[in-house]
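Please read the following report with the structure open beside it.

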Amino acid sequence: MGEMNYGVVIVNWNGAADTIACLKSIVMGGNCCRVIVIDNGSTDDSMTSIADEMRLQGLRCRTLATDEQLESTESARILLIPTGENLGFAAGCNRGLRIAAAIGCNEVVFLNNDTLVEGDALNKIVQRLQLEPTCFACLPMLTIFGSDRIWNCGGSASRLGLRHYYLAGRDRAEGARHGEIRCSFFTGCCFAVRTEDFVARNGFSERFFFGEEDFEIALWMKDCGLTAVCLTVAVVQHKVSVSFSAAAGNHEHAKVFLYYLNRFIHMRLRFGTLGWWVWALIYLPYVICLLWLGGTFGLAELLSFVRRLLLRARTMDGVTRADFEAVMEGRI
C-alpha cells in the first residue's frame with residue numbers, strides 16, 4: 001500500500017452498490033490507505049455484499065463485531081464495522097474516527113459513499129495537508145458525477161448562516177487552473193484532517209442526526225482562526241444529493257424543513273434567544289424568497305412552514321433520530 005499511513009472513513013446505509021463502486025475507485029487509483037466502512041444499520045445485507053465483492057477484488061477485508069478485535073486487523077485493507085442501528089452521519093463518522101485513531105492513522109479522510117475518486121486524489125489531499133501544519137483540512141475539487149461541471153471547490157461561510165460555493169457550475173478545467181483555493185467552508189462529502197486534531201475537537205457535532213455538521217465545523221473554524229485549502233488537481237466525483245435522498249426518501253418539503261430546522265436551531269444556540277430573534281428577522285425574508293421563487297411552496301404552505309419552523313427551532317436543542325423520522329413523517 002505504500003508508505004502513507006492514513007485512513008478513509010465511509011458511512012454506508014443501504015447503499016452497497018454505491019459503496020462498492022467508491023471502494024473500487026479508491027483501490028484502482030492507487031490510494032495508499034486503509035478504509036473503514038461504518039455500516040449504519042443497513043437492512044439490505046450491505047456488509048455481506050461489500051465483503052464478497054472486495055474479496056473478489058483480491059482485497060483483505062475484515063468485519064468487526066467489536067472494537068476489541070482491532071488488534072488482529074493489521075493485514076486487512078478494508079474494515080467493515082456494523083453498528084447495528086442508524087447512528088446518523090455525524091455519529092457514524094465519529095465511530096470511524098475513533099477506529100482510525102486506534103489503528104494508528106495519522107490522517108483521516110471522510111468520504112461519502114456516493115462518490116468516485118479519480119486516480120490518487122486522496123493521496124494528494126493528504127500529502128498537501130502534511131505540508132502545512134496550520135491548515136486544518138484539505139479537500140479535493142468536487143465535480144458532479146457524469147459531467148465536467150464543478151459541484152464546489154469548498155467555499156465561504158458567514159456567521160449569519162449563509163454559505164457560498166466556489167466555482168459551482170463552472171467547467172472543471174477552470175478549477176484545475178486555480179491549483180489551490182483557500183476556503184472557510186467545505187462539505188462533509190470529502191476532506192482530509194489530521195486525526196489528532198479532529199479527535200481533539202471531538203469529531204463532528206452529533207447534535208444533528210443528519211445535516212448541519214459541515215456548517216458547524218465552518219463556524220468553529222472561524223472562531224478558532226482556522227482555514228482549509230481545496231487542491232483542484234485532486235478530483236472526486238459526487239452523485240449529488242444521493243445520500244440525503246436515500247435518508248429522507250421522496251419527502252421534498254420535509255427535506256427542506258429539516259435543512260432549515262437544523263440551521264435555525266444551530267443559530268439559536270450560537271446567538272442566544274434574543275440575538276436569535278434579531279437574526280431570524282434578517283434571515284427569514286431570505287428563506288421565504290428562496291422558497292417562493294423555487295415554486296415548490298404555495299402561500300399557505302409557506303406560512304405554515306415558517307410558523308412550524310420558528311415554533312420548533314425556539315424549543316429544540318438538536319435533532320435526534322426520532323426527530324428526523326418525525327419530520328420525514330410529517331409529525332413535526
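Does Phe324 count as buried or exposed? Phe324 counts as buried, because its relative accessibility is 5%. Buried means under 20% relative accessible area, exposed means over 50%, and partly exposed lies in between, with a 1.4 Å probe and protein chains only.

The model is predicted, so local features need pLDDT of at least 70 and side-chain atom pairs count only at pLDDT 80 or more, while totals for chains, interfaces and linings use all residues. Residues are numbered from 1 along each chain as its sequence is written, and side-chain values use heavy atoms, with hydrogens and water left out.

**Ring pairs**

Rings of Phe, Tyr and Trp (for Trp the six-membered ring) pair if their centres lie within 6.5 Å; planes under 30 degrees apart count as stacked, over 60 as edge-to-face and the rest as tilted. This rule gives 26 aromatic pairs. Two of the pairs are listed here.

| Pair | Centre distance | Plane angle | Class |
|---|---|---|---|
| Phe209 and Phe324 | 5.1 Å | 50° | tilted |
| Trp279 and Tyr283 | 4.6 Å | 20° | stacked |

Phe209 is in the loop between helix H6 (195-200) and helix H7 (213-224), and Phe324 is in helix H11 (residues 321-328), so their pair ties together parts that are 115 residues apart in sequence. Helices (H or I, at least four residues) and strands (E, at least two) are DSSP runs, numbered from the N terminus. Phe209 is buried, with a relative accessible area of 9%.

Trp279 and Tyr283 both belong to helix H9 and are 4 residues apart, about one turn of the helix. Trp279 is buried at a relative accessible area of 3%, and Tyr283 is buried at 5% relative accessibility.

Ring pairs also join Phe89, Phe110, Phe136, Phe186, Phe191, Phe198, Phe204 and Trp220 into a cluster.

**Nonpolar cores**

A nonpolar core is a set of buried Ala, Val, Leu, Ile, Met, Phe, Trp, Tyr and Cys residues joined through side-chain atoms within 4.5 Å. The largest has 75 residues, of which Ile36, Phe110, Phe191, Phe198, Leu261 and Phe264 touch the most other members. Helix H9 (residues 252-294) gives the most to this core, with 15 residues. A second, separate core of 40 residues includes Ile10, Cys61, Ala192 and Val229.

Contact means heavy atoms within 4.5 Å. Leaving out residues up to four places away in sequence, Phe264 touches several residues, including Trp276, Trp279 and Tyr283.

**Charges over rings**

A charge sits over a ring if NZ of Lys or CZ of Arg is within 6 Å of the ring centre and within 35 degrees of the ring normal. The charged end of Lys239 is over the ring of Phe145, 5.2 Å from its centre. Arg308 lies over the face of Phe257, 4.1 Å from the ring centre.

**Helix H1**

Helix H1 (residues 16-28) has 13 residues and reaches 18 Å from its first C-alpha to its last, close to the 18 Å expected at 1.5 Å a residue. The expected span is 1.5 Å times one less than the number of residues. Among the buried residues of H1 are Ala16, Ile20 and Leu23. Gly30 follows H1 and has a positive phi, near 80°.

**Cysteines**

A disulfide is a pair of cysteine sulfur atoms within 2.5 Å, and the count is 0. Cys230 is buried, with a relative accessible area of 0%.
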